[in-house]
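Let's take a walk through this protein, starting with the whole and then stopping at one pair of its parts.

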Amino acid sequence: MAMALNDSVSANAMTLDSLRDSLIRQEDTIIFALIERARFPTNSPAYDHSYAKFPGYSGSLVQFVVRETEALLAKAGKFTNPEEHPFSPNDLPPSEAPPYNFTKVLHPAAASININKSIWNMYFDKLLALFTTPGDDGNYASTAASDLVCLQALSRRIHYGKFVAEVKFRESPREYEPAIRSQDRDALMKLLTVESVEELVKKRVAKKAMVFGQEVTLDDNNAKKGKCKVDPSVVSRLYAEWVMPLTKVVQVEYLLRRLD
Ligand SMILES: C=C(O[C@@H]1C=C(C(=O)O)C=C[C@H]1O)C(=O)O
């Protein structure tokens, strides 16, 4: 069973297997988020800087929604959890919630790693066009809210690389230490890569997209063998080209600082 890392039991029992279970569960979250976003057409005005002017703000509607939503969630304490990473880190108010003592698993340098800019660019410049249909139905605010759910799910999964790297380091510090001391990114990348696991992930996410994206009917004879709500090959490509490589970038960035 996948448990949140802020559970003290799981912090003690944190293993590569338990982290991989969590990554597997997060696949469901990501795929359902994509399915929800795919209900809307591309709705390009949401991303157009000249579409609207919100008072005191310059930028696209989606940037406005992300910044304002994150500001609210920051006040409510969301980003005090080391699993969460904001997309607008420079504009955030402090938490107004009582502090929670999250179990300290990571090296303190982890806090300086946030690759959401790369995730943002990947999502808007590459992924979005692959799983939405061209068109405009005017639902820009709901579309932007759906985008943020996708971005947050992807970000959480990709930044989980910090915890994966920590466990890999703890399991074999003597293998990692020389590469960390010589700040050798390529050697670290090689050490932490497990191709057999990556192959399974690609196949499993395609299968999940097929299962989760089916039309469910009570009459099996009439079951529509139609299109999936999100193309399984796009989900597999998302993981192969972006999610897993970015997770590994986070792992390398974390390990480079692990002995600071
Ligand atoms: C996350 C891990 O590290 C690497 C990244 C993977 C991923 O992002 O799914 C899978 C295998 C590894 O190459 C892991 O070993 O589970």
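This is a predicted model: local features need pLDDT of at least 70, side-chain atom pairs count only at pLDDT 80 or more; totals for chains, interfaces and linings use all residues.

Read from the N terminus, the order of elements is simply α-α-α-α-α-α-α-α-α-α.

Now for the overall dimensions. The C-alpha trace spans about 55 × 55 × 35 Å along its principal axes. A compact globule of 260 residues would have a radius of gyration near 18 Å, and the protein comes in at 20 Å, so the two agree. As for the inside, 29% of the 260 residues count as buried. And if you take the contacts with a separation of 6 or more, 74% of them join residues 24 or more positions apart.

Time to zoom in on one pair. Two packed helices are described by the angle between their axes and the distance between the axes. Helix 2 (residues 16-37) packs with helix 5 (residues 140-159) at an angle of about 160°, and their axes are 9 Å apart. Because angles over 145 degrees count as roughly antiparallel, helix 2 is roughly antiparallel to helix 5. Their crossing is left-handed.

Which residues make the contact? On helix 2 they are Leu23, Gln26, Thr29, Ile30, Ala33, Leu34, Glu36 and Arg37. Helix 5 brings Ser146, Asp147, Val149, Cys150, Ala153, Leu154, Arg156 and Arg157.

Conventions
Residues are numbered from 1 along each chain as its sequence is written. Helices (H or I, at least four residues) and strands (E, at least two) are DSSP runs, numbered from the N terminus. The radius of gyration is taken over C-alpha atoms; the globule rule is 2.2 Å times the number of residues to the power 0.38. A residue is buried if 20 or more other C-beta atoms lie within 10 Å of its own, exposed if 12 or fewer, and partly exposed in between; C-beta atoms are placed from the backbone. Two residues are in contact if their C-beta atoms, placed from the backbone, lie within 7 Å. Axes are lines fitted to C-alpha atoms, for helices over the stretch in contact, and angles run from 0 to 180 degrees between N-to-C directions. Angles under 35 degrees count as roughly parallel, over 145 as roughly antiparallel, 65 to 115 as roughly perpendicular and the rest as oblique. A crossing is left-handed if the near helix is turned anticlockwise from the far one by less than a right angle, and right-handed if clockwise.
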